[in-house]
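Have a look at the model first.

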Amino acid sequence: MRPTLVAEWASSTSLFRSRKACRIYSACAARSSDPAWFVFVVLVGLKQSAMAGTVISVAFASPSVSPATRECHKVPFEVSKSEINSSGVGRHVLGRGGGSPFRIGKKYSGRVTMTVATNVSRFEGVTMAPPDPILGVTEAFKADTNELKLNLGVGAYRTEELQPYVLRVVKKAETLLLEKGENKEYLPIEGLAAFNKATAELLLGADNPVIKEGRVATVQGLSGTGSLRLAAAFIQRYFPEAKALISSPSWGNHKNIFNDARVPWSEYRYYDPRTIGLDFEGMIADVKAAPDGSFVLLHGCAHNPTGIDPTPEQWEKIADVIQEKNHIPFFDVAYQGFASGNLDTDASSVRSFVSRGLEVLVAQSYSKNLGLYAERIGAINVVCASPDAATRVKSQLKRLARPMYSNPPIHGARIVANVVGNPELFNEWKAEMELMAGRIKNVRQALYDSLSEKDKSGKDWSFILRQIGMFSFTGLNKVQSENMTNKWHVYMTKDGRISLAGLSLAKCEYLTDAIIDSFHNVS
Ligand code: KET
């Protein structure tokens, strides 16, 4: 075998980049007349480069490279006829493992194919991940063929016909965008300037002094989740000792986000199962007991999954404790407009904290209120004590974003900028959002009416009416929730949450039967 061929091949693969492999390769080259060495080098190289488990097809070529037939490494080398037996099966003694069989693709004629199959994957240690507790519900729903099935899992708005909904105002904005014929150049790392301006104004109010004074660092994010994740990375980098406080319960992904960003977290009491309401005393006590300077994650409105928000007076007390303890409030605003139907009302918790002069983090999402789920459009805002701090914070958020995803997508940002920035479209959006929030309120009322009428046990279902936003936290436990799915084909999360946005008036009665059965007949 000619060393040049081996060298050619070796340099074209990544197999021989380690020092050990290079030494082996040198030995092979030195004994280049013996193909056994070459096969040995191939196998050692493949083992080292995590190629085990693939089928290695080795073409015996004379004089050079053979044509590729499938995803494999084609290795040109020469072999003597004596190494192939009459049945066309050759065997080479390869180290301790003994013979490695290879089969000749066709009768030997100077070019044969040797296939070495190994079946141990380098990914043997990778365990199966469980389905996502929320998005996994949609997958299970899709797989169900029963026509009664109902998806109340993910918080995604549906029409009364239970169809996904693209807002009319979004379609109009998209038509405008097409007419303008804008290009698809990269956005800057911080996102679309017009979007960042619009989103901060929508959140804080256009006249808010913090905006006028340049004290808000706004960076476009990959929707709510990506914005939370970017902020978590920022906390980890600049406050490595700090802890995050998460409500119990909370949106399931909050814990994942802080875990992956390596921000330690603990929970504060929030939900009281006895009253199916807010455990305000517990919440205050836990926020007080947390180490000074913790990041307190708060749901700006329409708490997920409970649908229970603090009253304006309770918000003030929460702000008092946070201020006393030198904590940093971190708002997750994924439902602005969806709780009350009014954008300003739903931002009032954030605005009241900001008006106290507190430095605040706020993650925003346009998945729900503009129905832009798949566009991944949102933002992280950091309200700072000075414009100088805001400039520095923004620069660091950009620095974190660059190696993670470089820069955000443009389409959703343009839609939001056009809707919020155009008074006519903005008003249309507000009207449409009121309609969506109104439909959810209607089904909420209808579900309560139906449960009150059909359930003869005397149970008080009025907590459903006290909850707000897309969800109702039914109080059904895991087994009861499973009964909802297994017996009634009602898909929901195992914590007892149902998305009322996925319910229609027509389906209220069916849902009532499912809830009554699960509640009373399943322990
Ligand atoms: N925060 C909260 C509180 C929230 O409920 C969601 C989504 C998000 C952030 C993130 O949304 P994004 O699409 O990244 O902008 N919640 C629904 C969907 C999901 O779980 O991803 C849900 O709870 O069904």
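Helices (H or I, at least four residues) and strands (E, at least two) are DSSP runs, numbered from the N terminus. This is a predicted model, with residues numbered from 1 along each chain as its sequence is written. Local features need pLDDT of at least 70, side-chain atom pairs count only at pLDDT 80 or more, totals for chains, interfaces and linings use all residues, and side-chain values use heavy atoms, with hydrogens and water left out.

Q: Which residue other than glycine has a positive phi, near 50°?
A: Most residues other than glycine have a negative phi. The one to look at is found in the loop between β11 and α11. With phi near 50°, that residue is A302.

Q: Which residue is joined to P305 by a cis peptide bond?
A: P305 is found in the loop between β11 (295–299) and α11 (312–324). Omega of this cis bond is near 15°, and the bond runs to P305 from N304.

Q: What is omega for the peptide bond that joins S248 and P249?
A: P249 lies in the loop between β7 (244–248) and α9 (253–260). Most peptide bonds are trans. The bond joining S248 and P249 is cis, with omega about 0°.

Q: Which residues come nearest to the ligand?
A: A residue counts as near if one of its heavy atoms lies within 4 Å of the molecule. There are 16 residues around the ligand, and the nearest are S223, T225, N304, D332 and S365.

Q: Which helix gives the most to the shell around the ligand?
A: By class, the shell has five nonpolar, seven polar and four charged residues (Ala, Val, Leu, Ile, Met, Phe, Trp, Tyr, Cys and Pro count as nonpolar, Asp, Glu, Lys and Arg as charged, and the others, Gly among them, as polar). The helix that gives the most covers residues 223–238 and supplies three residues: α8.

Q: How far is an N or O atom in the side chain of S223 from an oxygen atom of the ligand?
A: A polar contact here is a pair of N or O atoms within 3.5 Å. A polar side-chain atom of W251 lies 2.9 Å from a ligand oxygen, and for the side chain of R376 the distance is 2.8 Å. For S223, the value is 2.5 Å.

Conventions. A polar contact is a pair of N or O atoms within 3.5 Å; within protein, one must be able to donate a hydrogen and the other to accept it, and residues adjacent in sequence count only if both atoms are side-chain atoms.
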